[in-house]
Each structure stands twice: as structure tokens, then as C-alpha cells.
Amino acid sequence: MSENLNASADRSASAEETDSELSAFRQVVEWLANRNSFAIVGVFLALGLTADHFGVPEPADNILYLIGGVLPLVLATVSTTEDGYDHGLSNWARAKIIVSQLVFMITPWGLFTQLLQSGGTAVAYIRHRGRPPNRTRKTPTTKFSVPVEREWTVTNGGITKSTSHSWGLVSQRYAYDLVVTDDDGDTHEGNGQRLEDYYAFGEPVTAPADGTIVAVEDGLRDHPEPGSARVEWRTWNIVGNYVVIEHDDGEYSTLAHLREGSVTVAPGEEVSRGDVVGECGNSGMSTEPHLHFQVQDHSNFWIAAGLVPQFRDIEVRRPDDRRADHDVYGTPDEAETLYLWAGDRAAGTEGGEPA
């Protein structure tokens with residue numbers, strides 16, 4: 001009997017030790033996931049060059065280069081606990097996202113996209129002398145509405161580093177991804193293998209504020225494999241079909257991943273807040289129908305720096321257990337203008353009533 005108890009205690013101690021090791025490993029992974037992806041690439045590039053310089057036997061240098069290229073993709077799929085929101089990706093889904101992104105990266109158009117992203121981020125930093133906009137510096141004067149009708153759920157995005165859509169990409173630093181969910185939090189009916197199964201697909205997308213249309217794209221197909229966790233690696237434009245609107249001087253909004261053939265506006269056209277400009281789709285690099293919304297300081301998506309949007313006339317539902325996690329987001333019931341972050345359910349209002 002005592003031997004059994006000792007064995008049980010040994011197993012328990014071993015399990016606790018394993019859990020501790022996993023916890024430590026998870027902490028390291030989350031710490032890396034919150035680092036700038038370009039910094040990670042730079043570190044492994046430097047290590048590879050150093051290994052090559054000092055004659056470290058091959059293929060050590062190539063392995064370091066490979067890690068530098070793949071690791072940021074892997075870390076991009078990690079849902080950290082800092083943002084206070086569970087994105088619900090399984091390990092299998094993460095693996096498929098990584099593989100499809102790797103396939104995209106080795107295509108000619110994928111390589112060109114990487115140059116655009118890295119070069120554009122560098123240009124944005126140079127334009128702002130290393131101090132890109134944040135919520136206290138170069139804030140937009142335009143107050144924005146949620147660019148949709150009825151209630152949508154924010155699945156990605158925020159204004160702090162830990163809640164950011166893509167902190168390392170300056171243009172997308174303060175972007176948001178929005179979907180339509182049911183009461184159970186599901187984004188689709190059935191198994192979600194058809195575009196039409198998704199509640200967001202075909203829903204109207206509206207101008208978030210008054211402005212002038214400066215750019216549109218409407219010729220890219222909607223990725224026909226929603227819910228597969230595979231991105232559209234064949235697309236030449238990760239933004240998909242889009243509309244760019246100029247608001248106050250030097251302030252632009254981009255509405256991306258629109259449904260093919262749905263754009264209803266043209267460059268030079270004036271629009272008012274709430275006007276329909278297209279429909280939600282699954283074009284570009286998208287795993288399921290959703291709307292990508294961002295505010296920026298330049299009409300060009302690649303060299304722009306993201307601006308922090310403040311919202312007005314919106315109704316937000318935010319779980320009580322998340323309200324105190326990040327004070328910067330304020331309390332929706334009290335704020336005249338507020339910020340959104342992943343997990344919020346937001347709807348536009350007219351005259352104080354839900355639209």
C-alpha cells in the first residue's frame with residue numbers, strides 16, 4: 001500500500017514538474033510572440049552572418065536563416081494571454097495557416113509582398129523619424145463609426161502592443177478584423193465550408209465617416225475555402241478587394257477583403273457616414289469572410305502609418321470580466337469616444353439608438 005502511495009506521489013510530482021516546464025515554455029513563446037517580427041528576423045539574420053563569418057560548419061548558417069524566416073509566422077498564430085481574449089485556434093489550424101503562408105512566401109508575388117511590407121514599414125518609420133503615431137501623438141481629428149450595419153464582433157485588434165492587430169507592421173498596427181457572430185459566438189452555420197454559410201458574407205460595408213473615395217479594387221475572387229485555416233496563397237494582393245476613403249486632411253480609412261463585384265463607389269466620389277460602399281467578402285489573404293478596417297496617414301496601404309481610430313455613436317458590449325484588464329479602453333457605458341479591442345461586440349447608433 002505504501003509503495004502505491006509513493007508511486008502516486010512520484011507521478012504527481014512528475015506531472016507538476018511537467019506542467020511547470022510547459023508553463024515556462026509557454027511564457028517564453030508568449031514573450032517572443034509579443035516581440036517585433038522584424039527584430040526577430042534581424043537577430044537570426046545577424047546570427048547566420050556571424051556563423052558564416054567565423055566558419056561554423058554548414059548548414060548552421062542556413063538553418064539560422066530559415067528559423068528567422070519561419071519563426072515570425074509561427075509566433076503570429078500564437079494567441080497570448082495579454083490581450084485578454086481567446087482566439088480559439090487549434091494547433092492543427094495554426095499548422096495549416098503556417099504552411100499556407102509559407103507557400104505564399106515562396107511565390108514571386110509573395111516575395112514581392114514581403115518586400116512591400118518590410119520596405120513600406122521602413123518608409124513609414126523614416127517619414128515619422130522613428131516615432132510613428134500612437135494614441136497621444138498624431139491622433140486623427142475624425143471620429144469614426146463602425147463601418148457596418150447591425151452588431152459585429154471584433155476578433156483581432158487593439159491600440160496597445162499586446163492587443164495590436166500587427167504591431168510590427170506600422171500600417172496595420174491599429175487595424176481591426178470584424179465578423180458577425182451568433183449568440184453562441186459562431187461565425188457561420190453548419191460546417192462553414194461554403195462562403196454563404198458565414199453570417200458576415202455579403203453584409204453591407206459602410207463609410208465610417210464623411211469623405212472622398214481615393215482608391216478601389218474590385219476584381220479579386222473570394223477565397224473559396226473558408227474555414228479551412230488555409231489562406232489564399234494564390235492572391236497577388238493580400239488586401240483583396242478594398243475601398244480607401246480620405247476624410248480630414250491626411251486621414252484615410254481602408255476597408256478590405258470585400259466581396260468580388262460588390263464595390264459600389266469610384267475614385268473621386270463623395271460619400272457620407274453610413275453610405276454603403278461594398279459588401280463583406282473573403283478576398284485577398286483571408287481565412288474566412290471578415291472585414292479588415294484601419295485608419296492611416298497615407299492613401300498607400302504599404303507606406304502608410306496606422307492611426308488610432310476613436311469611435312463615436314456606437315454601442316459596445318464588453319464582458320464585465322474584461323473591462324478592468326486594460327484601463328486605456330475605458331468603460332463603454334461612460335465614454336463619449338472610445339477604442340475597441342478583440343472580443344468587443346460593437347454596433348453603430350443613430351440618435352443614441354442601435355442602427
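Colleague: Let's start with a charge and a ring: which residue lies over the face of W167?

Modeller: A charge sits over a ring if NZ of Lys or CZ of Arg is within 6 Å of the ring centre and within 35 degrees of the ring normal. Over the face of W167, at 4.0 Å from the ring centre, lies R173.

Colleague: Before we go on, what kind of model is this?

Modeller: Residues are numbered from 1 along each chain as its sequence is written, and side-chain values use heavy atoms, with hydrogens and water left out. Local features need pLDDT of at least 70, side-chain atom pairs count only at pLDDT 80 or more, and totals for chains, interfaces and linings use all residues, since the model is predicted.

Colleague: How many salt bridges does a search of the whole structure find?

Modeller: The term covers a side-chain nitrogen of Lys or Arg within 4 Å of a carboxyl oxygen of Asp or Glu. E151, R317 and R345 even link up in a network of such bridges. Searching the whole structure gives a total of 10.

Colleague: Take E232 and R221: how many residues apart in sequence are the parts they tie together?

Modeller: Their side chains meet in a salt bridge, 2.8 Å from N to O. Strands (E, at least two residues) and helices (H or I, at least four) are DSSP runs, numbered from the N terminus. Both E232 and R221 sit in the loop between β5 (211–217) and β6 (241–246), so the parts tied together are apart in sequence by 11 residues.

Colleague: Is E232 buried or exposed?

Modeller: Buried means under 20% relative accessible area, exposed over 50%, and partly exposed in between, using a 1.4 Å probe and protein chains only. R221 comes out at 38%, so that one is partly exposed. E232 has a relative accessible area of 2%, so E232 is buried.

Colleague: E232 also forms a salt bridge with R234, so how far apart are the closest N and O atoms?

Modeller: R234 is partly exposed, with a relative accessible area of 40%. In its salt bridge with E232, the closest N and O atoms are apart by 3.3 Å.

Colleague: And in which strand does E279, the partner of R259, lie?

Modeller: The side chains of E279 and R259 meet in a salt bridge with 3.3 Å from N to O. E279 has 27% relative accessible area and is partly exposed, and R259, at 29%, counts as partly exposed too. R259 is in the loop between β7 (252–258) and β8 (270–271), so the pair ties together parts 20 residues apart in sequence, with E279 in strand β9.

Colleague: Which backbone oxygen does the side chain of Y199 reach?

Modeller: Y199 is in the loop between β3 and β4 (204–206), and is partly exposed at 24% relative accessible area. A polar contact is a pair of N or O atoms within 3.5 Å; within protein, one must be able to donate a hydrogen and the other to accept it, and residues adjacent in sequence count only if both atoms are side-chain atoms. The side chain of Y199 makes one with the side chain of D182 at 3.2 Å. The backbone oxygen that the Y199 side chain reaches, at 3.4 Å, belongs to H188.
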